[in-house]
Amino acid sequence: MLGSNGAGKSTLLKVTLGLVPLRAGTATVLGRRPGDANADIGYLPQRRNWDASSRIRGVDVVRLGLDGARWGVPLPRLGPDEGRRRVDEVIELVGAGRYAERAIGTLSGGEQQRLLIAQALVRRPSLLMLDEPLDSLDLTNQAAVAALVQRICREEDVAVLLVAHDVNPILGYLDRVVYFAGGTAVCGTPGEVITAETLSALYAAPIEVLRTADGRLVVVGVPEAPFAHGSRHEH
Amino acid sequence: MSIDASIFQGLSWNPVTDVHRLLEFHFMVNALEAGTTVAVLAGAIGWFMVLRRQTFAGHTLAVIAFPGAAGAALAGLPLAFGYFGACVAGALALAGIPGDPSRESAATGTVQALGLGLGFLFVSLYGGLLNGVSALLFGTFLGITDHQVLTLVVVAVAALGALAAGGRPLLFASVDADVAQAAGVPVRALSLGFLLLLGLAVAATSQITGALLVFALLVAPAAAAQRLTARPLRGLLLSVGLGLVVTWLGLALAYFSVYPAGFYITTLAFVAYVAARFAR
């Protein structure tokens, strides 16, 4: 899901979760009403950073994603802890095994993001919704997390709905694009949507889409330049 | 040793004898029972309070406890009634302030000033014993009745039971409110519920440490425990353990010396926190 600030990308995710009511129209999520399917949705909200004073381990944050909503005292069970095994499994999947036992506040943005993706995955959702998972990461980590999300999508057999501000790190992995602008949205394959014609019409401004030698698309000329890397942090 | 001898009158420096002496009088047994109850309650609730960064809310409740107790004294009601009544009302009021109560410092600060002012007024109107004020503000371990101990135990068991039942969703909501809400955790209701538990813990702790020294048991052990471990269960137990050691030692030192328990408990809590900071 692409588009400028305030275009409604995060709001759509919250509607999907039933956290924001629709003023008009209907929404169906995994065949159910919004809010009824949350158990099958892994959700990673926008911009969550723990500062150094947050004294809770990464593995605990992931575990909360599994059974944090359950009431009552977690009793030590006889036999193997299935939950713990699943937590270890997703931590291994996102490559966070090396630092999952450390306090999450002491980890870098990229490391925290991997653990949060693990948290969103831990209940084996059929839909994974990631709100700007690449935001506030450096270029290397953006590429690594984007590749990780692609791998998870295939290996865990989960549909990924990803909100992004900067299209470039994920361009190679997109199956379909929903492009939000001017109070409306266009949906299609990247080749259909990320074109000069479609985007110029959406933004009502001249937009150029360039193809680089390695086949990637570069979008130029968007008002306020929300695609250009780092534009958001210059304000 | 010459200084020790003058401060710690009656201390034999033989642990067995000294523990026997400590438990010789009924008032001291009551003080230790009440202190133990309060240390466990404050250690557990305090751990969540520090994690949720609601120490300012905790402080506000403590300041509100003072006029509550002073008002109860003035009205001829049991002090415990004033402490619990004021803190629960304060928790409800804090929950009613729009936005994050721990960050809304202007509104809460204003309430604090009013609380202290009212407490001072009630004490002046009461016109009773002069050291009544210092007992309300800085605590006393003298004259804790059997009934008071029983009240504290009942409140602590109820509060800890509620904390045990809702601890996991509360932890989730505390570290990760957005995701918790999406997972069906009633984040707002838990926030109110926790403020009420915090009110109970503050009211109970105030009765031993006084309104102003509540933080010795509510914040210092929890903050020290969180410095030492990032594991939730271990941190909670460590927080309770530190609170117990600080309380027992503080009460014992006060018993054998001429200085007040509040001073020893705060100092020991401070030492524990500083040591934890340097240990990590």
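**Pairs, crossover and contacts**

Visitor: Which residue stands opposite Leu128(A) in E4(A)?

Guide: In this predicted model, Leu128(A) stands opposite Val160(A) in E4(A).

Visitor: What makes strand E3 and strand E4 of chain A a pair?

Guide: Strand E3 (residues 127–131) and strand E4 (residues 159–163) of chain A share five bridges in the parallel sense; pairing requires at least two bridges, so these strands count as paired.

Visitor: Why is the β-α-β crossover from E3(A) to E4(A) called right-handed?

Guide: The chain passes from E3(A) through helix H5 (residues 139–155) of chain A to E4(A), and this crossover is right-handed, because, with the strands pointing away from the viewer, the path from the first strand over the helix to the second runs clockwise.

Visitor: How do you know which strands are the edge strands of the open sheet of chain A?

Guide: The order of this three-stranded open sheet is E2-E3-E4, with parallel pairing, and strand E2 (41–44) and E4 of chain A are its edge strands, since each pairs on one side only. From one strand to the next the twist averages 10°. Helix H4 (residues 109–121) of chain A packs on the sheet, where H4 touches E2 and E3 of chain A, and its direction makes about 155° with that of E2(A).

Visitor: What makes residues of chain A and chain B count as being in contact, and how many are there?

Guide: The C-beta atoms, placed from the backbone, must lie within 7 Å, and 21 residues of chain A are in contact with 21 residues of chain B. On the chain A side, helix H2 (residues 58–67) gives the largest share, four residues, while the residues of that side divide into 12 nonpolar, five polar and four charged.

Note on methods
Residues are numbered from 1 along each chain as its sequence is written. Chains are lettered from A and ligands numbered from 1 in the order in which they are written. This is a predicted model: local features need pLDDT of at least 70, side-chain atom pairs count only at pLDDT 80 or more; totals for chains, interfaces and linings use all residues. Two residues are in contact if their C-beta atoms, placed from the backbone, lie within 7 Å. Ala, Val, Leu, Ile, Met, Phe, Trp, Tyr, Cys and Pro count as nonpolar, Asp, Glu, Lys and Arg as charged, and the others, Gly among them, as polar. Axes are lines fitted to C-alpha atoms, for helices over the stretch in contact, and angles run from 0 to 180 degrees between N-to-C directions.
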